Amino acid sequence: MKENTKTVEAPLFRDPIYDGASDPTVIWNRAEHCYYMLYTQRRATSVQIGVSSIHGSKIGIASSVDGTKWLYRGTLSNLDFEPGHNTFWAPEVIYARDRYHMYVSYITGIPTDWEYGRKILHYTSDNLWNWNYEGEIKLSSDRVIDACVYEIAPGLYKMWYKDENNNSASYSALSTNLYDWEAAGCEVSDCPHEGPNVFELGGKKWMITDFWSGLGVYSSDDFTEWTRCGTLLDTPGNRACDHALGHHGDVLAAGEEAYIFYFCHPYENEIRGEAPDSRQMLTAIQAARLTTDGERLYCDRNEIFEWKLTSS
């Protein structure tokens, strides 16, 4: 095992094709011995008719050997199971049962408004590039997105997701094999939100959600009953391209260290209240260090920090 210590760059990553990287998730690629970031490749610099540039997105990939400098590698090319140019959002990727599992939000075509159904699809892979379509996960409605999957006990997996037909609350489902899921009901509904993400740190179970005014923080003793205990990334930062609210976070916990990946619209505060500006759709992915005292989570997004990642 080897520990790398390097200062994190800001911004961490910007998509070099459409400049619309969002909804990041990070996982260790066991074959290439590096970290992979999979993300929604919003078409931020394309023609915008209604909300068309948020749709039609592919899943982008960037890689890093040290967790600090990220290289764009392209997009996943073999996800389509029906004809046409379709929409993929918010990948959730875990390694379990000797393979990678991806749960990704899907919309047929490129809508110009929000009035279309969404679903969560399941894929499996041996290498994070070639994916086998396993099917749709049947959940609580026909407007579900933003899956998060976590092993809450040996051999027992839980999925949290946003149900837009039910006040954009976080609902959950359970599985013992990652293919068949049983609905478990609503778990977090104190305010509308999206992008639930669950992890453990400092002996505590945590959930973060994006409620569009920062990230809501919740804690639990049993992965089911959640208590609101703060907000993260609700104040713009001062690092490069970090001058706006943080959105849709993913957390990588490595021993006693934990790092949050999130995206923001770096020019949001510059153009607010002005005429339409071509920069308003652009995004940047950032990383910050998370700490905890066992009762609350803390994140200083302005901190210049050395990132300690353990790799094999």
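Modeller: Start with Ile285. Leaving out residues up to four places away in sequence, Ile285 touches Pro11, Leu12, Phe13, Ala21, Ser22, Pro24, Met37, Tyr39, Tyr262 and Phe263. Contact means heavy atoms within 4.5 Å.

Biologist: What should I know about the model and the numbering first?

Modeller: This is a predicted model, where local features need pLDDT of at least 70, side-chain atom pairs count only at pLDDT 80 or more, and totals for chains, interfaces and linings use all residues. Residues are numbered from 1 along each chain as its sequence is written, and side-chain values use heavy atoms, with hydrogens and water left out.

Biologist: Which residues touch the most other members in the largest nonpolar core?

Modeller: Leu12, Phe13, Met37, Trp70, Phe261, Ile285 and Trp307 do, in a core of 19 residues. A nonpolar core is a set of buried Ala, Val, Leu, Ile, Met, Phe, Trp, Tyr and Cys residues joined through side-chain atoms within 4.5 Å. Buried means under 20% relative accessible area, exposed over 50%, and partly exposed in between, with a 1.4 Å probe and protein chains only.

Biologist: Which elements give two or more residues to this core?

Modeller: β2 (21–29), β3 (34–41), β19 (257–264) and β20 (284–292). Strands here are DSSP runs of E, at least two residues, numbered from the N terminus. There is also a second, separate core of 18 residues, and Ile27, Ile61, Val93 and Tyr123 are among them.

Biologist: New topic. In what order do the strands of the open sheet run?

Modeller: The order is β18-β19-β20-β21, with antiparallel pairing. Two strands pair if DSSP finds at least two bridges between them. β18 (247–254) and β21 (297–299) are at the edges with a single partner strand each, so one side of each has no neighbour in the sheet.

Biologist: How many bridges hold β20 and β21?

Modeller: Three, in the antiparallel sense. Thr292 stands opposite Leu297 in β21.

Biologist: Back to β18. Is His248 buried or exposed?

Modeller: Buried, with a relative accessible area of 10%. His248 lies in strand β18.

Biologist: What about hairpins? Which residue in the turn between β10 and β11 has a positive phi?

Modeller: Gly155, at about 80°. That hairpin has two residues between its strands. Seven antiparallel bridges join β10 (residues 144–153) to β11 (residues 156–163). Val149 has Met159 in β11 as its bridge partner.

Biologist: How many disulfides are there?

Modeller: Zero, in a search of the whole structure. A disulfide is a pair of cysteine sulfur atoms within 2.5 Å. For Cys191, the nearest cysteine sulfur is that of Cys186, 11 Å away. The sulfur of Cys299 is 12 Å from the closest cysteine sulfur, in Cys264, which is too far for a bond.

Biologist: Last one. Where does Phe223 lie?

Modeller: In the loop between β16 (215–220) and β17 (227–232). Phi of Phe223 is near 65°, a positive value in a residue other than glycine. Phe223 is buried, at 3% relative accessibility. Asn167 also has a positive phi, near 60°, but Asn167 counts as exposed at 54%.

Note on methods: Helix = DSSP H or I, 4+ residues; strand = E, 2+ residues; numbered from the N terminus.
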